[in-house]
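Work through the exercises below with the structure open beside you. Try each task before reading its solution.

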Number of protein chains: 2
Amino acid sequence: MNADKIPDIIIGRLPIYLRALQRMAEKGIQTTSSQELGDRVGISAAQIRKDISQFGEFGKQGTGYRISFLMDKLREILKIDRIWDVAVVGAGDVGHALARYQGFVDRGFRIVTVFDNDQSKVGQQIGDFVVKDTSDMIEEIQKAGIKVAMLTVPAAAAQEVTDMLIKAGVKAILNYAPINLNVPEDVRVQHTDPVTHLQRMTYYL
Amino acid sequence: MNADKIPDIIIGRLPIYLRALQRMAEKGIQTTSSQELGDRVGISAAQIRKDISQFGEFGKQGTGYRISFLMDKLREILKIDRIWDVAVVGAGDVGHALARYQGFVDRGFRIVTVFDNDQSKVGQQIGDFVVKDTSDMIEEIQKAGIKVAMLTVPAAAAQEVTDMLIKAGVKAILNYAPINLNVPEDVRVQHTDPVTHLQRMTYYL
């Protein structure tokens, strides 16, 4: 296996498989097939087998996949067999929602800090966090060694804050602002946007 | 072109292409190549050409794609050459964020109503909306002919609300709750979840 050679598009599907497997595991299901997994995630069984086989032989012809084993393997591949500390920048509606989101547990991430530049928000309590001032952000993120951030500031501020995050050593940014961010090659950005999800569904209506 | 035969995985990439094209258009760029588009979205040029060619010949060898033309074609394919009315169910943090989100404009959707079952929220103003009571939801959605909903209620309530939405005639649900929804075959569900985005990035760290 050569990590550099796996297309990003395959990497992007692994978390979808993992989420479906985790939900099956929660229901006490112990084994699955590429067919069953495919039905749950809307991807063909052949594609799933092909994707997973990029990383090794994790299933058996006829008996399928042991869910806990496949989950462990996927976690290892995605490097979420550890816990990544995450900074949230922007304590607006989305920042609030993230700070309270229950879906991070057991999935490789924990929010450790929330920043905002609005002095009326700094010091405010959100869930378990006290909002910190963005002016201390670069130093705090550096000191804590945080590599992952979620960016929930308004579009007009997003690039400036991104530049600060990069300076602080952040290497992965989940961007909620509806603009493109310019980042160096060693920094990953993912956009999340309700509209792209909606557009994918109207095709079928 | 036979709509039924295009894999969902390709349909899922079209909104990503469209978003990138829209941003290029906003900058005044008029033409692009599969290579340039690919660099922006992190998908290979060959894959982009293959995806787009499923629907017809929209570019020219050597000169690439006219952005406005390709955007029109993608909008037509995705059926967002019209405006879909959307109901938001759940007036919590995410519901607030969606009701105020500026990213819907010109992209095929508009939120027309926000519901919650919490009587302390019913009647509240969020952006341009007054939160309505979920007990009137089925009737209101039916009357308005709304086919698209965004579900931002807690996980424990998500299936019950989904059943109501289906009864009301909704055919596409964007689900923010961290659970699987059971829906009939003619209803589409998309999950949106910050963790799957984060997991896709840590692979590279």
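The exercises that follow concern a predicted model.

**Exercise 1. How are chain A and chain B related by rotation and shift?**

Step 1. Two copies of a chain are related by a rotation about an axis and a shift along it.

Step 2. Here chain A is superposed on chain B by a rotation of 180° with 0.0 Å of shift along the axis, and the RMSD is 0.0 Å.

Step 3. This relation is that of a two-fold axis.

Step 4. To find the axis from chain A, look at Asp93(A): its C-alpha is the nearest in that chain, 2.6 Å from the axis.

**Exercise 2. Describe the contact between chain A and chain B.**

Step 1. Count the residues: chain A gives 60 residues to the contact and chain B gives 62 residues.

Step 2. Compare the surfaces. Of the interface residues of chain A, 100% are also interface residues in chain B, so the copies meet through the same surface.

Step 3. Give the size. The size of an interface is often given as the accessible area lost when the parts come together. Between chain A and chain B the buried area is about 6,100 Å², and carbon and sulfur atoms give 61% of that.

Step 4. Arg200(A), Tyr203(A) and Leu205(A) supply 13% of the area that chain A buries against chain B, more than any other three residues.

Step 5. Look for charged pairs. There are eight salt bridges between chain A and chain B. A salt bridge links Arg107(A) and Asp193(B), with the closest N and O atoms 2.6 Å apart.

**Exercise 3. In what order do the six strands of the open sheet in chain B lie?**

Step 1. The order is S8-S5-S4-S9-S10-S11, and the pairing is parallel.

Step 2. Find the edges of this sheet in chain B. Strands S8 (132-133) and S11 (188-191) each have a single partner strand, so one side of each is left without a neighbour in the sheet.

Step 3. Take one pair: S4 (residues 84-89) and S5 (residues 109-116) of chain B are parallel and share six bridges. Within this pair, Asp85(B) lies opposite Arg110(B).

**Exercise 4. Is strand S4 of chain A largely enclosed or left open?**

Step 1. Five of the six residues of S4 (residues 84-89) of chain A are buried, so this strand is largely enclosed by the rest of the structure.

Step 2. Follow the chain onward. From S4(A) it passes through helix H5 (residues 93-100) to S5(A), a right-handed β-α-β crossover.

Step 3. List the partners. S4(A) runs parallel to S5(A), joined by six bridges, and Val86(A) stands opposite Ile111(A). S4(A) also pairs in the parallel sense with S9 (residues 148-151) of chain A over four bridges, where Ala87(A) has Ala149(A) as its bridge partner.

Key
Residues numbered from 1 in each chain as written. Chains lettered and ligands numbered in written order. Predicted model: local features only at pLDDT ≥ 70, side-chain atom pairs only at ≥ 80, totals over all residues. Heavy atoms only, no water. Least-squares fit on C-alpha atoms with pLDDT ≥ 70 in both. Contact = heavy atoms within 4.5 Å. Pairing = 2+ DSSP bridges. Helix = DSSP H or I, 4+ residues; strand = E, 2+ residues; numbered from the N terminus. Buried < 20%, exposed > 50% of the residue type's maximum accessible area, 1.4 Å probe, protein only. Right-handed = clockwise from strand over helix to strand, strands pointing away. Buried area = accessible area lost by both parts, 1.4 Å probe. Salt bridge = Lys/Arg side-chain N within 4 Å of Asp/Glu carboxyl O.
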